[in-house]
Amino acid sequence: MRQRILGQGLSTSALGLGCMGMSEFYGPADEAESIATLHRAFDLGITFLDTSDMYGPFTNEELLGRAVKGRREAVTVATKFGVQRSDDGGWRGISGDPAYVRSACDASLRRLGTDHIDLYYQHRVDPSVPIEETWGALAELVADGKVRHLGISEADGPTLRRAHAVHPITAGQYEYSLFTREIEADVLPVLRELGIGLVSYSPLGRGLLTGAYQGTAAFASDDFRQNNPRWQGPNLARNLALTEEVGSVAKARDVTPSQIALAWVLAQGGDVVPIPGTKRVRYLEENAAAVDIRLTDRELTALGGLADQVQGDRYAPPPPRAGSR
């Protein structure tokens, strides 16, 4: 597995592994199969592992901690704080309060069974707390040795600058794929100006770009894609037509659409590391092979305009709060 360098000299495998679906959001998972998938990732040299305290909630970090036991120094563990949930899975909001930052970090360390987090992200920005206060607390965690590198997810350009002024940011995590390229306008230029690496989540468009699904019928009832706008009605029909264009490139190469989609993300720069999620060994192996695919200029051009044609928002709107209209 090739290596790539994010900000602040952090070297990672060129392809990471998103662990979220091993615990939640994409239907039921089997822990034994998830552990086997993680161990196979290590064998393939995929050592950049992404989780969050809110996945599960909380159980995904515990799963990852069990999987890396005995191999901790050989892997790069990234986790996140900021999206608060209760033990029963309820959503409590977003917090960037400094006291919460410190307590969340300590809780993640316990669940992961480690004395340090390699890359600690602010999962979402809390608009009620100045970013300087949140990042002041994060800088203290680095000084204390609990965290080695800092990251941030879904922050806008000005917020990146303000946070980076408090403590250097190693990585920004954003949805980025053939179907989602909004960050290229205002965020990606700031990342590169400041020397911050880009970690691409959902590089397979939450499954759309795999070409494996014609709708949500195959999804479990609790799969969040059941209500995702891109998987609904006319939006889905249009997006599946775009997926066929990816499939045509893949067919000509005798590879899979997933591999083409990942190869496109990898081609966007040596500072970009995609973290496709899977809980099955066979998809992990398929994804890993994408690092050896080099797209031609003609192929990049053919694929480059797809994002502008995608229909539907990335997320469904949040439900109204109790008592609101």
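Guide: A residue is called buried under 20% relative accessible area, exposed over 50%, and partly exposed in between (1.4 Å probe, protein chains only). This is a predicted model, in which local features need pLDDT of at least 70 and side-chain atom pairs count only at pLDDT 80 or more, while totals for chains, interfaces and linings use all residues. Residues are numbered from 1 along each chain as its sequence is written, and side-chain values use heavy atoms, with hydrogens and water left out.

Visitor: What makes Arg 181 and Glu 184 a salt bridge?

Guide: The term requires a side-chain nitrogen of Lys or Arg within 4 Å of a carboxyl oxygen of Asp or Glu; the N to O distance here is 3.0 Å, so the pair qualifies. By this rule the count comes to 18 salt bridges.

Visitor: How do you know that Glu 132 and Arg 162 tie together separate parts of the chain?

Guide: Their side chains meet in a salt bridge at 2.8 Å, N to O. Glu 132 lies in helix 4 (residues 131-143) and Arg 162 in helix 5 (residues 157-166), so the pair joins parts 30 residues apart in sequence; helices here are DSSP runs of H or I with at least four residues, numbered from the N terminus. Glu 132, at 34% relative accessibility, is partly exposed, as is Arg 162 at 39%.

Conventions:
Helix = DSSP H or I, 4+ residues; strand = E, 2+ residues; numbered from the N terminus.
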